[in-house]
Amino acid sequence: MVRFVFMMTAIVALASCKTNIGARSSLLVGADDMHKIIYYATLAGSSHNTQPWRVEVLGDREIRVFADTTRVLNVIDPKKRELYISLGAFIENLDLAAGALGYATEVQVLPRSERTACVAVVALKRARPSGFDLHSIVGRRTLRVSFHTADIRKEEVASILGDDWQTSFFAASTEEGRFIAKQTLSAYRQQSMNREAQAEFASWVRFSDRDVRLRQDGITTAGMQINGIKGFVVRNFFKPADAEKKQFVQAGIGTTEKQVNNCGGWLALTSVDNSVQSWIDVGRRYERMNIICTSLCIGFQPMNQLVEEQNFLENVQHELGKGGEIQFVARIGYVIETPSPVSPRRSVDSVAVFYK
């Protein structure tokens, strides 16, 4: 029932919202179904755009999803929570794409093991196409601009949440919304003063166009929405190490302050525990909500600093956890339009091995 409501919400809303999807789908000309499914899966969101996934595709009957542990964020994500959330988002896109292309799926999440990086096995069989509009995946993106501060309409909050009892929405104008905004900014400041965290962030910055073309991952000037003359200067004259300098850090704090104070509300995703299964489930839920928000012209930005910084997590958990473990926080708010996605993606052939 959740999946049906989600698909219908995305399909109907997409027709009423101006969402630019760019030319990404042109990459699929002549591709077979399995290549397409993996391609759409790779458009999922991930922390620092690390894209920590690998897959093995066995004909048209099975896809094995692996964690690429070379892409772990060891400083801000030592328990690999965000890695598994990212993999959950990947699996959600994979599931949606397979359904749209006429495959029923059965997803089996495997227990965490140090001996294997295999996270999930997805069995496929032919079925009637789901009717899900794949443009909803292509158009999904993170927006780091200021949003309108108007309250999100109740019916649209209901569409975003569905019957997900483990996700809460807090309007920005409420006491809880102001609390999250204040805590998020303070957690961001604390993380910005952590030299190891800043060095890790800098290692994923792709300022130059050359780095973007070579790496096809990470955080770009376009992804940070540093555009115009400022974007030109950063792309051509900044080095990744400049992201650790005081001036850049202070600019990031200023931008974050504008972001937390300019939105319609906050989503807090919780789980019953801290298992791999729960983290992957959070990732799947996050990806669904991001897709729905994009289709409704509601900007969506994950802001997980208050989850990454343990002292802030304990504080927020006490105030807002409601018995669940807070795993993911995002700010949302109305935008005039959703610009074309700009975060680079590694090619299908670089993340997948196909077996006949």
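Tutor: Let's start with a term: on a 1 Å grid over the protein atoms alone, a cavity is a set of points where a 1.4 Å probe fits but cannot get out, and its lining residues have an atom within 4 Å of a point. The model is predicted: local features need pLDDT of at least 70, side-chain atom pairs count only at pLDDT 80 or more, and totals for chains, interfaces and linings use all residues. Residues are numbered from 1 along each chain as its sequence is written, and side-chain values use heavy atoms, without hydrogens and water.

Student: What makes Ser47 a lining residue of the largest cavity?
Tutor: Ser47 has an atom within 4 Å of a cavity point, so it belongs to the lining. Others in that lining include Arg71, Asp77 and Glu82. The largest cavity has a volume of about 40 Å³, the volume being the space filled by probe spheres set on the points.

Student: Why are S8 and S10 called paired strands?
Tutor: Two strands pair if DSSP finds at least two bridges between them. Seven bridges join S8 (residues 265-271) to S10 (residues 325-334), so they pair. They run antiparallel, and Ser271 stands opposite Glu325 in S10.

Student: What makes S5 and S9 edge strands?
Tutor: The open sheet has the order S5-S8-S10-S9. S5 (167-171) and S9 (298-302) each have a single partner strand, so one side of each is left without a neighbour in the sheet.

Notes:
Helix = DSSP H or I, 4+ residues; strand = E, 2+ residues; numbered from the N terminus. 1 Å grid on protein atoms, 1.4 Å probe; cavity = no way out; pocket = protein on both sides within 12 Å on 5 of 7 lines; lining within 4 Å.
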